[in-house]
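Here is a short briefing on one protein chain. Keep the structure open beside the text as you read.

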Amino acid sequence: MSINVEPLRKILELEHKKGYLDSAVIGGLDGFLHHWAGQAIESLTSPQPLNHFHKLHLVNSNYASLTKQRRKEWVKGVLDFLAEIERRGGERGEARLASIASRPSSGAKGQRIAVNQSVDSPITVIRGISSSLAARFSRLGVKTVRDLLYFFPHRHLDYSQRNSISQLTEGEEQTIVANVWQAQEIKLGGRWSTEAIVGDETGNVRIVWFNNPYLAKKLTTNTRLVLSGRVSLFNGRHVFESPEWELVGDEDLIHTGRLVPLYPLTRGLRPRQVRKLMKGVIDQWAWQVEDFLPPELRERCNLLQLPSAISQAHYPEDEAMKAQARVRLAFDELFLLQLGVLSKKRDWQESQPGSPFTAQRPVLDAFLKSLLFELTPAQQRVLDELLADLQKPRPMSRLLQGEVGSGKTVVATAVLLMAAANGYQGAFMAPTEILAEQHFTTICQFLSRVGRLEGEEDYLRSYSGLLSRPLAVALLIGDINQVRKQELQQRILDGDIDIVIGTHALIQKGVEFHRLGLAVVDEQHRFGVTQRSALRQKGFNPHVLVMTATPIPRTLALTLYGDLDLSVIDQLPPGRQVVKTKWLKPWQRDSAYAFLRRQVASGRQAFIICPLVEESEAIQAKAAIAEYEHLSKEVFPDLKLGLLHGRMSAAEKDGVMRRFRSGKLNILVSTPVVEVGIDVPNATVMLVESADRFGLSQLHQFRGRVGRGQEQSYCMLLAQTPSEVGRERLDIIEKVQDGFQLAEEDLRLRGPGEFFGTRQSGLPDLKMAKLSDVPLLELARSEAIRLFEIDPSLDKPEHLLLAKELVQVWPEAGEWS
């Protein structure tokens, strides 16, 4: 069928002559337009004219309500559109071809082929998706046909088990095929609803659809239905309550009698509507998706073809096919992720030469001898790994993992000293200003033992006796006044400062380095891949050392940090004590307060952690502000309490931490801002409110804030009504002190999305893959390495589709485009 534009053009030209009075057609233009557009849309198959068509709102025009000027503009727009249709000329042939192609092929029931449209077309090319419906899908991140194909259900209801009515049992998901004997509107709980009696050869059963009176008219006597849902007992008889239903016909079942998908929804999207739409999309479009995996890789790993995997992920034939589809789609995600991180590593290490350092042994030995302790064997091993990397012509890319108190900062100071001894600058980034200042203080303490304090200015120290020139160390944070900040930035640019310690401020545009040779990033998961790259671009491909006190399971480290080599300080310094940990029940709160008071009386200090800043009904956890008021006035009125939360300015936080560190405060009430790195050796008690709200790794971080001095320390965990998973977490943290073991348990209990609290920035989303699926992760990594060794740039013809897909997943990876 082709579009006949002539009648509409004549009517619009007449409307123009009559002065836009809506008098060209008896009954008004809107009625004619609705009829004409309904036929025309079926013939439009190219994305451009189809988009134009939708923008004009021809199907649902509202010409009668427009002002005269708006009518004039609208008529001109439609006439331009009609001229465009005629110019394209080939539209009639294209429409005829679309009509032929849309007939189901004998090979696959319901399979369609869309002509001159790609899976990257906007979803408005799909029949039945209006611009308003597209806007609702857009809220769920769905904008193109490809997005819809990858808009996977979050779970399936198993309605595949068909029973006869006599076999029904209450409480289980079941499916029957039955005839409607009668259906009527009835009032239930004050609302009009539908009640029906249906039957098969074994008996009858009552069906109720609450608040759904319109169904009574649809379900005429002898209509044959498939019904799926849960059966309950009412007055000793079986009743289906609001089951899914559909008519028995030639078409595939969508809502019943199979594994039925449940999709994420938003306001204005209904489950049945989305399911029906998705079934049509899958049948028409899934087969047009090109499989980007090389065939030999797919066969070697025994994976489904991509179109089949997409189709089975939405509407699986059975549980086994659903599982196979998940494996294929999860493999794709992990494989592309690994290729991306391997490529980043190659780019960093090979696209530009690094800056090899020479091992300045006299400087290093003098520094190590000046320490008040000996390095542990684990620290020494890691330092040797770092020094070996620093002497190579390609830049170091290494992740250093180590428990709180394992001694990462001293190792970082040693390599920063190596950079300075080789004439390069070193940058040290911490996630918060408090921690940046703490690192500045710690590093200056280390250097003051091996060198002599030569000069002391605001945020700047210099030491003589280490190198042939004074060694300058600066702190650069947001709180510094503008004039001083500009002075420090100029001295960094001039090369007068050797080691710069700061926060995100170090990757801002205003900070330029003279000769950056080494970047140390503390608590990497707070920064993300993008920020790390930005820091790297400050210098000539500097060496990068990423440090974290959050123990990360090896599988997760290989995925999130696959572009980094791995070093682990898996040994605490001698004398580090075990923090006694106890999960307390609500009725033990008073004894916890009494214990805390005794500790303070003996000269110690304590932390009290609350999860949120403001009261929230959704999460019944105590807020720090309310808790601080309560504790100050009612529980510890005679003690000095401080408050720390994320909405305070950096200066306010810093002031509170100074007072706590110096012993002017007995108790610090805080939100989780205290989680990473803060060092107060005199603090011996950590009391965590609503402890079941936190993950194991986070609880372990809190526990690591105490036990840093000589005195026995304690961690008390209060939980009001923990869930089953919450109870399991609290049981584990009581017994296990090893951070890596806890991290593995955390990953198992919570999954990777929650592992870091926020999604790792700069990495692709994982929809199907679970990072706890170790065998699949390792298979994807080994296949990515194997492919990378053969064709790192993906230049071979058989890898072109893969290169194209990689650009979609990693948009910044321009070398594949």
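A residue counts as buried when its relative accessible area is under 20%. Cysteine 301 has a relative accessible area of 13%, so cysteine 301 is buried. The model is predicted.

**Confidence**
- The chain has an average pLDDT of 80, and 84% of the residues score at least 70.
- In residues 90-115 the pLDDT is below 50. This stretch still has 36 contacts in the model beyond near neighbours in sequence.
- Residues 813-817 also have a pLDDT under 50. The model gives them 14 contacts beyond four places in sequence.
- Where pLDDT is low, predicted coordinates should not be read in detail.

**Cysteines**
- Cysteine 715 has 2% relative accessibility, so cysteine 715 counts as buried under the 20% cut-off.
- How many disulfides are there? The count comes to 0 disulfides.

**The second largest pocket**
- The second largest pocket holds about 1300 Å³ of space.
- Its lining is made up of 42 residues. Gly405, Gly407, Phe446, Asp679 and Arg708 lie nearest the centre of the pocket.
- Which helix gives the most to the lining of this pocket? The answer is α16, with 9 residues.
- Both α15 (408-421) and α16 (433-450) supply at least two residues of the lining.
- By class, the lining has 18 polar, 13 nonpolar and 11 charged residues.

**Positive phi angles**
- Most residues other than glycine have a negative phi.
- Serine 242 has a positive phi, near 45°. Serine 242 sits in the loop between β6 (237-241) and β7 (244-247).
- Serine 242 has a relative accessible area of 40%, so serine 242 is partly exposed.
- Leucine 794 has a positive phi too, near 55°. Leucine 794 lies in the loop between α27 (774-790) and α28 (800-809).
- Is leucine 794 buried or exposed? Leucine 794 counts as buried, because its relative accessibility is 4%.

**Phenylalanine 513**
- Phenylalanine 513 is in the loop between β14 (499-502) and β15 (516-522).
- Phenylalanine 513 has a relative accessible area of 7%, so phenylalanine 513 is buried.
- Phenylalanine 513 and isoleucine 492 are 21 residues apart along the chain. Their C-alpha atoms are separated by 5.6 Å.

Technical notes: Residues are numbered from 1 along each chain as its sequence is written. This is a predicted model: local features need pLDDT of at least 70, side-chain atom pairs count only at pLDDT 80 or more; totals for chains, interfaces and linings use all residues. Side-chain values use heavy atoms; hydrogens and water are left out. Helices (H or I, at least four residues) and strands (E, at least two) are DSSP runs, numbered from the N terminus. Buried means under 20% relative accessible area, exposed over 50%, partly exposed in between (1.4 Å probe, protein chains only). On a 1 Å grid over the protein atoms alone, a cavity is a set of points where a 1.4 Å probe fits but cannot get out, and a pocket is an open set with protein on both sides within 12 Å along at least five of seven lines; lining residues have an atom within 4 Å of a point. Grid points are joined across faces, edges and corners, and a volume is the space filled by probe spheres set on the points. Ala, Val, Leu, Ile, Met, Phe, Trp, Tyr, Cys and Pro count as nonpolar, Asp, Glu, Lys and Arg as charged, and the others, Gly among them, as polar. A disulfide is a pair of cysteine sulfur atoms within 2.5 Å. pLDDT is the predictor's confidence in each residue, from 0 to 100. Contact means heavy atoms within 4.5 Å.
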